[in-house]
Amino acid sequence: MKNGTQKTTKDNKGIDIKKYSLLVVFAFLSAIAIQGKAGLEHLAGGVLIACLLLIIFYRDILRYKPSFLKSYNMLLLLGFMIVSTLFFGRFFYYVLTNLARGLGSIPVESTLFGIPLPAGAMLVTLLFDFHTAMVFSLIVSLFSGLWLNDATFPVYAFVGSLTAAFSVIRCKRRSALLRGGFYVGLVNAVTASILLLLAGEFLTLKAGQSVIFALSSGISVIAIASVMLPLLEYLFKVTTDISLLELLDLEQPLMKSLMIEAPGTYHHSVIVGNLVEAAAEAVGVNPLLARVSAYYHDIGKVKMPEYFIENQSGSLSKHEKLTPHMSSMIICSHVKEGVELAREHKLPEPIIDIIQQHHGTSLMTYFYQKAKDHNGEKFSEEEYKYSGPKPQTRVAALVMMADAVEAASRVLTDPTPSRITALVDRMINHVFLEGQLDECELTLKDISEIKKHFSYILTGILHKRVDYPGFNFNGNTKKDSGKGNIRETQFSHYSDNENLHKEPTKTYKSKPTEN
């Protein structure tokens with residue numbers, strides 16, 4: 001154990017050294033971007049200042065957003081954003097100042113207000129989050145003051161960058177970038193006017209030209225963000241809310257295939273999506289990512305939909321003629337098939353991870369119990385477990401719990417609010433006690449909130465209706481006691497759940513109900 005701890009510590013130190021080395025590389029590139037004068041001393045000073053600012057940025061991310069540092073991809077993207085924003089700024093500075101000198105009638109100082117530095121903060125908000133964009137805005141603004149040798153310009157750059165970040169916090173469509181650019185141009189014009197007033201130049205010809213350049217910066221921000229966003233999403237494999245919304249389109253090949261080939265699974269996935277979205281904000285995760293993950297978590301069932309009870313229309317189950325072990329292999333395979341389909345259709349990596357983790361290492365109780373009762377040979381419990389891994393994120397845990405709760409709700413013959421609450425409580429407690437939530441960051445408070453939201457949504461979905469006078473929809477047919485009503489997909493791999501509201505029976509004689 002001691003040797004293992006020492007090895008882990010050495011590995012962590014090695015990783016930190018690599019990350020700090022990467023910071024030095026980006027600091028060097030940033031120093032080149034802000035160089036105003038040639039010379040070794042100026043370059044060395046620029047590198048040291050850049051190192052200082054980037055280390056502060058790195059420590060802030062380490063404290064508040066450590067998940068970004070788990071992937072070198074994200075660290076590279078963040079460094080690239082800082083360097084590219086500075087180089088874009090220098091490029092526009094060069095173009096605009098030369099334009100002013102060429103025309104001769106425009107003061108060079110006025111053109112500075114046309115530099116579109118807020119584009120960087122807008123992209124960082126979309127690719128990371130608002131907190132990161134805030135610190136990014138501060139760092140880039142300080143860099144801009146160093147390169148321009150102007151004490152007031154960082155205020156202008158910081159206010160514009162914050163406005164850009166605020167304007168796309170809830171961005172759900174690419175067209176929202178237009179609104180963000182408009183706000184940036186407007187706020188930049190106001191900030192430029194205030195700075196000119198401070199300098200005593202508000203009533204000069206320079207003021208009008210400066211305001212025009214400040215307004216035009218919004219157009220540049222729109223252009224840069226619109227072009228760079230899809231490119232950065234593709235190159236760095238980042239998932240934004242905009243790309244997640246596109247995955248909800250029912251014309252997506254996987255969604256269409258699920259609706260046509262496995263309609264029962266599709267309906268189940270939609271309800272799971274409603275459950276996880278309702279609870280997502282309460283536990284501090286992205287509701288859109290939760291919903292999209294729920295929609296795609298069972299896509300592997302399109303390969304053999306008839307082996308899952310929600311897609312079966314006949315009274316006989318396909319599993320009746322199979323051995324328990326073979327049935328468990330088929331049921332378990334839908335996770336592997338789902339991951340393969342997701343990779344084939346280039347779904348984002350977070351969704352692929354959730355597909356793989358939404359059953360964790362839970363036991364397929366139905367087939368395990370059936371094998372124990374009908375097979376005299378000894379076998380391992382591991383043969384009837386999903387291969388995992390356990391949920392690594394709160395979103396994956398949400399999908400796992402919603403998956404189990406929605407399936408279990410099909411058992412309730414009289415779904416009163418109290419029974420629904422009891423079912424939700426029991427199912428989530430079972431997931432917790434089984435250790436499936438050990439590797440994610442959910443707290444007991446989060447779990448309590450999840451139970452409340454799940455109960456509320458399910459109560460609405462499973463509501464009762466009064467009988468329609470003159471119609472006998474149920475007829476006089478007797479219930480088929482041999483037909484099970486527990487779904488094959490999410491319920492039976494949790495032991496004892498069949499007995500929520502009735503006496504224990506040998507439920508394996510009914511249709512199989514594994515997930």
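## The largest nonpolar core

In this predicted model, the largest nonpolar core holds 73 residues, and Met-122 and Leu-127 touch the most other members. The elements that contribute two or more residues to this core are helix 1 (2-33), helix 2 (40-64), helix 3 (72-103), helix 5 (118-127), helix 6 (130-148), helix 7 (153-167), helix 8 (176-199) and helix 9 (205-236). Helix 3 gives the most, with 11 residues.

In soluble globular proteins, nonpolar side chains tend to be buried together.

## Surroundings of Met-122

With neighbours within four places in sequence left aside, Met-122 is in contact with Ala-164, Ser-167, Val-168, Leu-177, Gly-180, Gly-181, Val-184, Val-221 and Ala-225.

Phe-143 is a residue of helix 6. Its relative accessibility is 0%, and Phe-143 therefore counts as buried, the cut-off for burial being under 20%.

The C-alpha atom of Phe-143 is separated by 6.8 Å from that of Ile-34, although the two residues stand 109 residues apart along the chain. Ile-34 is also one of the residues in contact with Phe-143 when neighbours within four places in sequence are left aside; the others are Ser-30, Ala-50, Leu-53, Ile-82 and Leu-86.

## The crossing of helix 17 and helix 19

Helix 17 spans residues 394-408 and helix 19 spans residues 444-461. Their axes come within 12 Å and cross at roughly 40 degrees. An angle under 35 degrees would count as roughly parallel, and one of 65 to 115 degrees as roughly perpendicular; helix 17 and helix 19 are therefore oblique to each other. The crossing of the two helices is right-handed.

On the side of helix 17, the residues that meet helix 19 are Arg-394, Leu-398, Met-401, Ala-402 and Val-405. Helix 19 contributes Asp-446, Ile-450, Phe-454 and Leu-458 to this meeting.

## The chain as a whole

The chain has 19 helices and 0 strands. Of its 515 residues, 51% are buried. The accessible surface of the chain comes to about 25600 Å², and carbon and sulfur atoms account for 60% of that area.

Among contacts between residues at least 6 apart in sequence, 77% join residues at least 24 apart. The contact between Phe-143 and Ile-34, residues that are 109 apart along the chain, is one example.

Note on methods
Residues are numbered from 1 along each chain as its sequence is written. This is a predicted model: local features need pLDDT of at least 70, side-chain atom pairs count only at pLDDT 80 or more; totals for chains, interfaces and linings use all residues. Side-chain values use heavy atoms; hydrogens and water are left out. Helices (H or I, at least four residues) and strands (E, at least two) are DSSP runs, numbered from the N terminus. Buried means under 20% relative accessible area, exposed over 50%, partly exposed in between (1.4 Å probe, protein chains only). Contact means heavy atoms within 4.5 Å. Accessible areas come from the Shrake-Rupley method with a 1.4 Å probe; for residues, only the protein chains shown count as cover. A nonpolar core is a set of buried Ala, Val, Leu, Ile, Met, Phe, Trp, Tyr and Cys residues joined through side-chain atoms within 4.5 Å. Axes are lines fitted to C-alpha atoms, for helices over the stretch in contact, and angles run from 0 to 180 degrees between N-to-C directions. Angles under 35 degrees count as roughly parallel, over 145 as roughly antiparallel, 65 to 115 as roughly perpendicular and the rest as oblique. A crossing is left-handed if the near helix is turned anticlockwise from the far one by less than a right angle, and right-handed if clockwise.
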